[in-house]
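Here is a short report for a reader meeting this structure for the first time. Look at the model first, then read on.

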Amino acid sequence: MLITFEGIDFCGKSTQVKRLEDRVRASDRTVRVLREPGGTPIGEVIRGLLLDRAHAAMTDAGELLLFSASRSQLVQDVVRPALNAGTVVILDRYYDSTTAYQGYGRGIPLDVIHAVNRFATGGLVPDLTFLLDIPEDEIERRMQQVRHTGDRMESSGRQFYGRVRAGYRALAGKESRFRMLDGMKPVDDLERMIWEEVRQWLT
Ligand code: TYD
């Protein structure tokens, strides 16, 4: 089973990924958590290129292709073999991030995005996708709370995140694998809702 988590930066994905991992493990299944970009030696190098603020001049096309290069490596080397072995794979971001950030956010035409996504993944579609939806203003608030200085992506500005969020919400309306959750809800409530969905899938 392939489960993915999506949402704008600081939506709380990583916390929920960790909690779901613990729940799945406690149910006696093998589980593997991976993050994008990254998750393979080549992918981690690409991650460094993408997030380094020194690379402010990166073109939109370059950004799209680097995220996709990292994903292609991860799918081939790790995700597919794990799924074939019956492992529950949880991905912290997958190709919906590319559609939302590079497509809706940067403005790359969606037909290009869809073709590249399909090419990079060999058409591997998640079984279930959780979208944690928060208002874009919340990013700033959460960033200040943890005194975080943004990486290259995070310095893209509020309007950019507004487009990314709208893009995610549009995607969630189109495909039945999406579960859109209100990311402003308490962490424990979200954990319970997510587990309820996944538990049904696993039984
Ligand atoms: P990361 O620090 O992993 O952020 P998060 O914890 O929010 O996932 O950085 C990943 C950044 O890259 C994040 O800003 C989202 C962005 N991104 C894209 O723009 N396109 C993509 O395809 C992916 C996977 C991530």
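## The buried side of α5

In helix α5, the buried residues are I113, V116, N117, A120 and T121. Seen down the axis of α5, these buried residues fall within an arc of 115°, so they line one face of the helix. This is a predicted model.

What covers that face? The cover over the buried residues of α5 includes α3 (60–84) and α4 (95–105). The face turned away from the buried side carries D111, R118 and F119, which are exposed.

## Length and end of α5

Helix α5 spans residues 110–121, twelve residues in total. From its first C-alpha to its last it reaches 16 Å. That is close to the 16 Å expected at 1.5 Å a residue.

After α5 comes G122. The phi of G122 is positive, near 60°.

## How α4 meets α5

Helices α4 and α5 pack at an angle of about 155°. Their axes are 10 Å apart. The angle makes α4 roughly antiparallel to α5, because angles over 145 degrees count as such. α4 passes α5 in a right-handed crossing.

Which residues make the contact? From α4 come Y95, T98, T99, Q102, G103 and Y104. From α5 come L110, I113, H114, N117 and T121. Among these, I113, N117 and T121 are buried residues of α5.

## Backbone exceptions in the loops

Most residues other than glycine have a negative phi, and most peptide bonds are trans.

Take F10 to begin with. F10 lies in the loop between β1 (2–6) and α1 (13–26). Its phi is near 70°, a positive value in a residue other than glycine. Is F10 buried, partly exposed or exposed? F10 has 23% relative accessibility, so it counts as partly exposed; the buried class is for values under 20%.

Next comes D28, in the loop between α1 and β2. D28 has a positive phi of about 70°, although it is not a glycine. D28 counts as exposed because its relative accessibility is 71%, and the cut-off for exposed is over 50%.

The bond from E36 to P37 is cis. Its omega is near -10°. P37 sits in the loop between β2 (31–35) and α2 (41–51).

Definitions and conventions: Residues are numbered from 1 along each chain as its sequence is written. This is a predicted model: local features need pLDDT of at least 70, side-chain atom pairs count only at pLDDT 80 or more; totals for chains, interfaces and linings use all residues. Side-chain values use heavy atoms; hydrogens and water are left out. Helices (H or I, at least four residues) and strands (E, at least two) are DSSP runs, numbered from the N terminus. The expected span of a helix is 1.5 Å times one less than its number of residues. Buried means under 20% relative accessible area, exposed over 50%, partly exposed in between (1.4 Å probe, protein chains only). The arc is that of the directions from the helix axis to the C-beta atoms. Contact means heavy atoms within 4.5 Å. Axes are lines fitted to C-alpha atoms, for helices over the stretch in contact, and angles run from 0 to 180 degrees between N-to-C directions. Angles under 35 degrees count as roughly parallel, over 145 as roughly antiparallel, 65 to 115 as roughly perpendicular and the rest as oblique. A crossing is left-handed if the near helix is turned anticlockwise from the far one by less than a right angle, and right-handed if clockwise.
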